[in-house]
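Here are some notes to keep beside you while you look around this structure for the first time. Take the points in order, and turn the view as you read.

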Amino acid sequence: QIMAQAVARFGRLLRVAVVQYLVVDPDGDAYEVGASYNDGRLPRISGEHGRISDHGPGWGPQFRAGEAIFSDDHAARPE
């Protein structure tokens, strides 16, 4: 609940449409959505888990390093 509140506050503060906190398996390719915020401007992102490799080759190192990842336009990134 604390992480859900933090994600929502972060999203509202930055005025972004979607924020997700992902728990990444450090030895693999899997992640789990730990908390999510959506202000309603974009469709809800479905699923509680996924694979890092599904997001393209460029984001893997950032995911695994625990870095924040920002994307202005998911439509421009078909993966």
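1. Let's start with N38, which sits in strand β2, residues 30-38. Strands here are DSSP runs of E with at least two residues, helices are runs of H or I with at least four residues, and both are numbered from the N terminus. N38 has a relative accessibility of 12%, so it counts as buried. On this scale buried means under 20% relative accessible area, exposed means over 50%, and partly exposed lies in between, using a 1.4 Å probe and protein chains only.

2. Please keep in mind that this is a predicted model, in which local features need pLDDT of at least 70 and side-chain atom pairs count only at pLDDT 80 or more, while totals for chains, interfaces and linings use all residues. Residues are numbered from 1 along each chain as its sequence is written, and side-chain values use heavy atoms, with hydrogens and water left out.

3. What does the side chain of N38 reach at 2.6 Å? It is the backbone nitrogen of G40. A polar atom of the N38 side chain also lies 3.4 Å from the backbone oxygen of P43. Such a polar contact is a pair of N or O atoms within 3.5 Å; within protein, one must be able to donate a hydrogen and the other to accept it, and residues adjacent in sequence count only if both atoms are side-chain atoms. Setting aside neighbours within four places in sequence, N38 is in contact with A17, V18, P43 and R44, where contact means heavy atoms within 4.5 Å.

4. Next, have a look at D29, in the loop between β1 and β2. Is D29 buried or exposed? With a relative accessibility of 17%, D29 counts as buried. Its side chain makes a polar contact of 2.6 Å with the side chain of S53 and another, of 3.4 Å, with the side chain of R51. Not counting residues up to four places away in sequence, D29 touches G50, R51, I52, S53 and R64. The C-alpha atoms of D29 and G60 are 8.3 Å apart in space, although 31 residues separate the two in sequence.

5. R15 deserves a visit for its backbone. You will find R15 in the loop between α1 (2-14) and β1 (18-24). Its phi is near 55°, a positive value in a residue other than glycine. Most residues other than glycine have a negative phi. R15 has a relative accessible area of 70%, so it is exposed.

6. Two further stops lie later in the chain. H55 belongs to the loop between β3 (49-51) and α2 (60-65), and its relative accessible area of 21% makes it partly exposed. D72 is in the segment after α2 and is exposed, at 85% relative accessible area. D72 and I2 are 70 residues apart in sequence, and their C-alpha atoms are 26 Å apart.

7. Now step back to the whole protein. How many helices and strands does it have? There are two helices and three strands, in the order α-β-β-β-α from the N terminus. The C-alpha trace spans about 30 × 30 × 20 Å along its principal axes. Of the 79 residues, 23% are buried. Among contacts with a separation of 6 or more, 30% come from residues 24 or more positions apart.

8. Finally, a word on charge. The protein has 8 positive and 11 negative side chains, and the centres of the two sets lie 10 Å apart. Lys and Arg count as positive and Asp and Glu as negative, while His and the chain ends are not counted; each charge is placed at NZ of Lys, CZ of Arg, CG of Asp or CD of Glu.
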